[in-house]
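Please walk me through this structure.

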Amino acid sequence: RRVQAGPQRVPARINRGIARLRAGQPEQALLDLTTSLEQSPSSTVAWRLWSGRSRYGLGQFDAAAADLRRALDLDPQLADAWYFLAIIRFWNHDLDGSVEAFNRADQGDPSGSLLLQRGCVQLARGARPQALADMQAAASATPLQDYAALLLVAAGGPAEALAEHRGRDDW
């Protein structure tokens, strides 16, 4: 189905871009998102966030980071933008910046995935107590509890973290 041109169709084009991104089609998603911005500059925050995610999916980390930073300039509370910026900073070997962005993405209710990833970055930067705290918290979250427990023990945490996982069929 073709999305019609015009500012009244911008939300549909943004939604299609998001759907394409989630379907693993970042190039097509970026085209939809770019067109939506041209048609309605007021959609800047959403466009920057999803454009950054599309560029991330294409491996265009510098362009993705620039889009995400622009979205955060407009709305500093965008947890998704902070999350992807944290990952990009990690891949660019900016470990302190990565932890800072993960902390901003946390917003008081971190997911197991965020805790696990932040813990790995903390471990890479030599902040073992913080890494163990994040991994311990992630070990109690589902569905990442099994992997977090393994990483926790590998990082030098208590071996008891694996005890509840032993003997399970799905381990």
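**Helix packing and salt bridges**

Helices H5 and H7 pack with their axes 11 Å apart, at an angle of about 25°. Axes here are lines fitted to C-alpha atoms, for helices over the stretch in contact, and angles run from 0 to 180 degrees between N-to-C directions. H5 and H7 are therefore roughly parallel to each other (angles under 35 degrees count as such). The crossing of H5 past H7 is left-handed, meaning that the near helix is turned anticlockwise from the far one by less than a right angle. Tyr-83, Ile-87 and Phe-90 supply the H5 side. They meet Ser-113, Leu-114, Gln-117 and Val-121 of H7, where contact means heavy atoms within 4.5 Å.

A word on the source. This is a predicted model, in which local features need pLDDT of at least 70 and side-chain atom pairs count only at pLDDT 80 or more, while totals for chains, interfaces and linings use all residues. Residues are numbered from 1 along each chain as its sequence is written, and side-chain values use heavy atoms, with hydrogens and water left out. Helices are DSSP runs (H or I, at least four residues), numbered from the N terminus.

Now turn to H2, residues 26-39. Its 14 residues should span 20 Å at 1.5 Å a residue, and its end C-alpha atoms are 20 Å apart, so the two agree. The expected span is 1.5 Å times one less than the number of residues. Several H2 residues are buried, among them Pro-26, Ala-29, Leu-30 and Leu-33. Buried means under 20% relative accessible area, exposed over 50%, and partly exposed in between (1.4 Å probe, protein chains only).

A salt bridge is a side-chain nitrogen of Lys or Arg within 4 Å of a carboxyl oxygen of Asp or Glu. Arg-20 lies in H1 and Asp-32 in H2, so the pair ties together parts 12 residues apart in sequence. Arg-20 is partly exposed, at 24%.

How many salt bridges does the structure hold? There are 8. One of them joins Asp-80 and Arg-53, with the closest N and O atoms 3.7 Å apart. This pair links H5 to H3, across 27 residues. Asp-80 is partly exposed at 39%, whereas Arg-53 is buried at 19%.

Another salt bridge pairs Asp-96 with Arg-125, at 2.8 Å between the closest N and O atoms. Asp-96 sits in H6, and Arg-125 in the loop between H7 and H8, 29 residues apart. Arg-125 is partly exposed, at 35%.

Note on methods. Helix = DSSP H or I, 4+ residues; strand = E, 2+ residues; numbered from the N terminus. Parallel < 35°, antiparallel > 145°, perpendicular 65-115°, else oblique.
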